[in-house]
Amino acid sequence: MTAAEAPAARPAVAGGPGIGMPGQTGAVLTGGTYPGELRARGVSLSERLSALARLVQIGSARVGPEGFSAGLLADAEALLARAGERLRLSSHHTIAVLAGGTGSGKSSLFNQLAGAQFSSVGVLRPVTREPHACVWGMDGAGPLLDWLGIEPRRRYARSSALEEGERDLTGLLLVDLPDHDSVLARESAEVRRLVAQADLMVWVLDPQKYADAAVHSRYLVPMAGHASVIAAALNQADLLTPEQAEDCVSDLRRLLDAEGLHDARVLVTSATSAAGVADLRRALMETVIARQAALRRISADVDAMAARFVPYADDMEVRARSGLVPWPAAAKPGAPAGPGSAGAASERPGGPAGSAGGAATAGNSAAGEVGGGAADAAGETASAADGASAADGAGPGEAGPGEAGMRALPAAATETLTAAFSAAAGMSGVGRALQSARELKAVDYVGWPVAWLADWVARRDPVRKIRLGALWEELRDVSAGATGAQQAEISNAVTTFADEAGHGLPGPWQISVRQAARSRTTEIPGALGTAIAEALPKENSVAPWWRAVAAWQGLLLGAAAVGLAWLVTIIILGGFGAAPNAPLLLRDAGLLPWVALMVVAILLLGWLTAKGCMALVMRDADREREQAQQRMRAGITNVARLFVVAPVERELAEFARFHDELTVARARG
């Protein structure tokens, strides 16, 4: 690296009356010192960076036309990477940039501060095309200059021959930027890059163009949240009278206040007469000593980036308004808000998912350096990444991050979904068909055989057999899964459930909840069929007592047949005298009424047995139907939970985690 040795700086000339703002001489440009790690509302910068990395992880899985903005996630990743790089590099140096337009005199002011003609000053056309850097104390500054992209031949060192008054500037890395209003796109892009990397920005303005819309609209207004690390130097004060200088300062102050830059410091300088340069030098000196500019710059960047995530969390009071989502308590300031602690308008999306890895690494690197002692961020953010992966990849019924800290959706919502699935699967029809099939099958065992004969003669028995076969065919078809209109009913029920579950959430999260609910819709019909099949008894199964009744009915039928044969024998042998020597029981005509009465009694007993047993069969079939429907409902409820409710609950848990991480990133207690 080329390091030019600078002569001692010339004594600064204090400004006369009206030069500089009263009461601000020597004030620290960053607004004060913060010992140890920078904290905002009790939340450390490392925690905020880690929370921002987790926001990127959550958002990366939900990029889409109506989801998270790919541009926002890319910007957040770039910020995490930039913060990580800055905090890994020298913490003993403060990067201060002098930015301004053509002819503002910033290069002359740079040379005044450096005490040497390091940056060339144009005579006919005062233009700065390349950045120049002057470093007070080169130890450890090399990697920082490489990161800034300063060419070695434009690096200058103030490491020796310093006056005693400048030793307190050790650690200052002052950069003279190209003109922000350059017509060359490359130079404008270079200014934007270096402004984004700077710890402290000093905008050098001249009396003619201090209200120029280019600098205000492109740089100052968008960085209203960075007022604590922004200063405005009204240069070329030697061209103004004290009264004119005071008027310009008042007007510039008014412009900055209107743009939200209330904390931005205004200084009046003259590179030609060195008026006010001493004030600027002292301000830089105290800022370098404080060593908080880098942290405050990154903190302001995180503030701005977190604000861009707010539309994806909607109103921060959404938890209190939502009746469906029982959000866990927000993370307390200063407490990590990762998966473990959570227990879980302008941005339009589009772009690739899966970009969380780089963000996580950068965020952790940044976190690991803040304050010189934060926990190893690589491990912390890796845990966050694992948590996000678990949430996105957890199977049905497996708890994702944050799910343990949330109760389930209201039972009524799940019951409504189960009822819709039951109707779509035809559970009631299945129960009735099962009951009918059991009753028809029981006829073969407990029915009166005489009635069978009558049915056979009347050709009703084949019809009964066909109907029984049709019922079991229908049950088998239902067990194979819903089809046609039934699948449409399932889809409508899932959509209705998702809309109710996502009610009150921001638009992107409503979409993600619906996608989660519908993520396994194609598997639901088959799962419902399986649940119904498992609830049904074995086809054509027979109750043990049916066989006993069948044996009893066979015995009665045999007795009736014997009685009829006895009756016929008495008529033939006794009535016609065909066998006079036959036993009296076979030829005594006086027994005819009694034998006939016995046969009738046996037939009546068989009929009554059949009627009574069929009543029992119908009662048992009705009870079996109810039991089967209970099993089917339990199975359908399990299907609804595994395939719809659990994914929705995991998505709601992710929203709760997103909400808590955003609270930490914004340092809102």
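Two aromatic rings of Phe, Tyr or Trp, the last by its six-membered ring, form a pair if their centres lie within 6.5 Å; planes under 30 degrees apart count as stacked, over 60 as edge-to-face, and the rest as tilted. By this rule, seven aromatic pairs are found in the structure that I present today.

Please note that this is a predicted model, in which local features need pLDDT of at least 70 and side-chain atom pairs count only at pLDDT 80 or more, while totals for chains, interfaces and linings use all residues. Residues are numbered from 1 along each chain as its sequence is written, and side-chain values use heavy atoms, with hydrogens and water left out.

I begin with the chain as a whole. The protein chain holds 23 helices and ten strands; these are DSSP runs, with helices (H or I) of at least four residues and strands (E) of at least two, numbered from the N terminus. Of its 669 residues, 53% are buried. Buried means under 20% relative accessible area, exposed means over 50%, and partly exposed lies in between, with a 1.4 Å probe and protein chains only. The chain exposes about 28500 Å², of which carbon and sulfur atoms supply 58%. Such areas come from the Shrake-Rupley method with a 1.4 Å probe, and for residues only the protein chains shown count as cover.

I turn to the interior. A nonpolar core is a set of buried Ala, Val, Leu, Ile, Met, Phe, Trp, Tyr and Cys residues joined through side-chain atoms within 4.5 Å. The largest one has 70 residues, and those with the most contacts inside it are Phe309, Phe421, Ile524, Val644 and Phe658. Helix α23 gives the most to this core, with 15 residues. Which residues does Phe421 contact, leaving aside its neighbours within four places in sequence? They are Ile490, Ala493, Val494, Ile524, Leu528, Ile636, Ala640 and Val644, where contact means heavy atoms within 4.5 Å.

Now I return to the ring pairs. Phe68 and Tyr312 have ring centres 4.3 Å apart and planes at 10 degrees, so the pair is stacked. Phe68 lies in the loop between α1 (45-60) and α2 (70-88), and Tyr312 in the loop between α9 (293-309) and α10 (318-321), so the pair ties together parts that are 244 residues apart in sequence. Both Phe68 and Tyr312 are buried. Why is the pair of Trp203 and Tyr219 tilted? Their ring centres are 4.9 Å apart and their planes stand at 40 degrees, so the pair counts as tilted. This pair links strand β8 (residues 200-205), which holds Trp203, with helix α6 (residues 213-220), which holds Tyr219. Ring pairs also join Phe68, Phe309, Tyr312, Trp509, Phe655 and Phe658 into a cluster.

Next comes helix α3. Eight of the nine residues of α3 (residues 106-114) are buried, so this helix is largely enclosed by the rest of the structure. Among the elements that cover its buried residues are β4 (94-100), β5 (132-135) and α8 (277-290). Just after α3, Gly115 takes a positive phi of about 75 degrees.

Leu605 is in helix α23 (residues 592-665), and its relative accessibility is 37%, so Leu605 counts as partly exposed. Ile572 is in helix α21 (residues 544-575) and is partly exposed too, with a relative accessible area of 41%.
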